[in-house]
2 protein chains.
Amino acid sequence: MKLKMMYAFLNTDIALIEKELEQSVQTNEPLITEASLHLLQAGGKRIRPVFVLLAGKFGEYNIERVKYVAVALELIHMASLVHDDVIDDADKRRGKPTIKAKWDNRIAMYTGDYIFARSLEMMANIKNVEAHQILSNTMVQLSLGEIEQIKDKYNLDQNLRTYLRRIRRKTALLIAVSCQLGAIATDASKSVHKELYRFGYYVGMAFQITDDILDFTSSAEQLGKPVGSDLLQGNITLPVLFAMENPAFRDKVELLFTAEHKEALIEDIITYIKSSGAIERSLNVSDQYLQKAIDVLDHLPDNKAKKALYQIAKFVGKRKF
Amino acid sequence: MKLKMMYAFLNTDIALIEKELEQSVQTNEPLITEASLHLLQAGGKRIRPVFVLLAGKFGEYNIERVKYVAVALELIHMASLVHDDVIDDADKRRGKPTIKAKWDNRIAMYTGDYIFARSLEMMANIKNVEAHQILSNTMVQLSLGEIEQIKDKYNLDQNLRTYLRRIRRKTALLIAVSCQLGAIATDASKSVHKELYRFGYYVGMAFQITDDILDFTSSAEQLGKPVGSDLLQGNITLPVLFAMENPAFRDKVELLFTAEHKEALIEDIITYIKSSGAIERSLNVSDQYLQKAIDVLDHLPDNKAKKALYQIAKFVGKRKF
């Protein structure tokens, strides 16, 4: 089943979110609108808005209220991508040149700032103090995670704990909060939005681990960027951590980071990672998170949205791109 | 009279704000704390918190509430300075190396992101939807202003209108909003916080024009950076605009932007600006804004804070650094 089929009942609302996203970056500054639209139209799964809407279904669902949360969270995600691309010195995202590659780092920085600010403007429509506290706290954690990521780059002395902490801040937190805020925006009960937060957190962890696996197992065409890009950019992900239990492989990674011609080396590294069992072990960690996510669903009332969340969790474990 | 003497009755509260500012950047990431404290301890006038507190005096003043607004606005100002220094490629601010010079652009970007997020966390303590709407809208305007500033750099085809629009977004808006939000946080009447907004706006415009004048008339020692730094970084300010009415001078500025050795040229340019009447004409524009600010005060009830605002407005017109 295709991802979109799992929440086909949300189609009208998702189309509305898409329109609101486009409108939200219309300004009198052609440069900023162009840069923002460039990113927006490069696509993306819009997984955060989907989680917001689905979570909203556990309360008094009203698209005119949840839409602000859905748009705000996608904008925050987009803004952090723009700033990430500056850090990663990335030239491509989703098969298109990044803002920093097409324009420059300064434009990327301010486009990110602008998109962040627009997301706050969206959220200001939500008259719930708790929602603002949750969101601002999340943004603090996100920015700390970004700094952490810089520090951890090219750093081979990492372990499972530091990796999990990093992807928690980088990905899981925002998905958890998407679920939580969707429920808060429709006045779902406190116990429901706590469970939804946990669900989002576990799915988010699995989602990022899968992403990190696909960076090695997928094709350049499907990724929209070269295979092994994460490692080439100095990001030590879970498959690399497992593979580095072999000291000879660790030496190879160290060599990769300093080598001038990386092509042959990275191919060699990818081949080893695939044959070492590191992929299977990573998948196993991801599956454990997904099982936890599915267990959480037992605590939630039955409805269409719960069914969709279940299917999405199942999908994350199997996705190929 | 020294600036600080004008609001000596706020001393205890300002000391509290200073402590809160320091606490607000304490994290488990030494890099981010160090970078933030570096900026914080470089000083600055804390003019935004002072305006927040003074404006708060027009309502039911309670430092435990206004402090959140005061800290949030100073943090937003700090964050935008950090990002500005990346754009301006500035190596010094307030006589100290900038974050981007001491660390690098990436650290500066994320330190800015972190400080922005912390300011939102502070503001989330204010349970007033209007305040959040005003603040988020201000942040959108600020980021648009930043993009505008990039576009306008080294661009000689500017006029008074584009200059005023730029400094409105760059400086006046945040000071206006400091006054407005201080009053909102203490539940002052709507008419009061509207007048305070106008007061802040006019003072902010004069403040920035004065800053732009001092860039030419002050000493490197007092500025904490070389005289003429703004122009060297490609920022066309009011004195330059006036002086460029002379085509020969305009040619010189154009030459400066492309010249490899700028030392003699910039000295020559500064001398001309000072002798051309451009400084006096700029001061005149600043004085007009200050007069408007002082006129606004007539609409406000008499109290200690109003007296202080009057003295600050007078001070801005005479300040030498």
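Helix α2(B) is largely enclosed by the rest of the structure, because nine of its 12 residues are buried (buried means under 20% relative accessible area, exposed over 50%, and partly exposed in between, with a 1.4 Å probe and protein chains only). The buried set is made up of B:Leu31, B:Ile32, B:Thr33, B:Ala35, B:Ser36, B:Leu37, B:His38, B:Leu39 and B:Leu40. Helices here are DSSP runs of H or I with at least four residues, strands are runs of E with at least two, and both are numbered from the N terminus. The length of α2(B), residues 30-41 of chain B, also checks out: its end C-alpha atoms are 16 Å apart, in agreement with the 16 Å that 12 residues should span at 1.5 Å a residue (the expected span being 1.5 Å times one less than the number of residues).

A word on conventions. The model is predicted, with local features needing pLDDT of at least 70 and side-chain atom pairs counting only at pLDDT 80 or more, while totals for chains, interfaces and linings use all residues. Residues are numbered from 1 along each chain as its sequence is written, chains are lettered from A and ligands numbered from 1 in the order in which they are written, and side-chain values use heavy atoms, with hydrogens and water left out.

In chain A, A:Arg46 sits in the loop between α2 (30-41) and α3 (47-56), and its phi is near 55°, a positive value in a residue other than glycine. A:Arg46 counts as buried, because its relative accessibility is 9%. In chain B, B:Arg46 is placed in the loop between α2 and α3 (47-56); phi is again positive for this non-glycine residue, near 55°, and B:Arg46 counts as buried at 9% relative accessibility. On the chain A side, A:Arg46 is also part of a network of salt bridges with A:Glu18 and A:Glu74.

Over all chains, the search of the whole structure turns up 32 of them. One of these joins A:Lys67 to A:Glu64 at 2.7 Å, N to O. Both residues belong to helix α4 (residues 63-88) of chain A and sit three residues apart, about one turn of the helix. An α-helix has 3.6 residues a turn, so residues three or four places apart point the same way.

Other salt bridges reach between helices. The side chains of A:Asp268 and A:Lys252 meet at 3.1 Å, N to O. This pair links distant parts of the chain, with A:Asp268 in helix α14 (residues 263-275) and A:Lys252 in helix α13 (residues 247-258) of chain A, 16 residues apart. A:Asp268 is partly exposed, with a relative accessible area of 34%, and A:Lys252 is partly exposed at 29%.

In chain B, B:Arg169 and B:Glu148 form a salt bridge whose closest N and O atoms are 3.0 Å apart. Here too distant parts of the chain are linked: B:Arg169 belongs to helix α8 (residues 160-185) and B:Glu148 to helix α7 (residues 129-152) of chain B, 21 residues apart. Both B:Arg169 and B:Glu148 are buried. Helix α7 of chain B also holds B:Gly145, which counts as buried at 5% relative accessibility.

Key. Salt bridge = Lys/Arg side-chain N within 4 Å of Asp/Glu carboxyl O.
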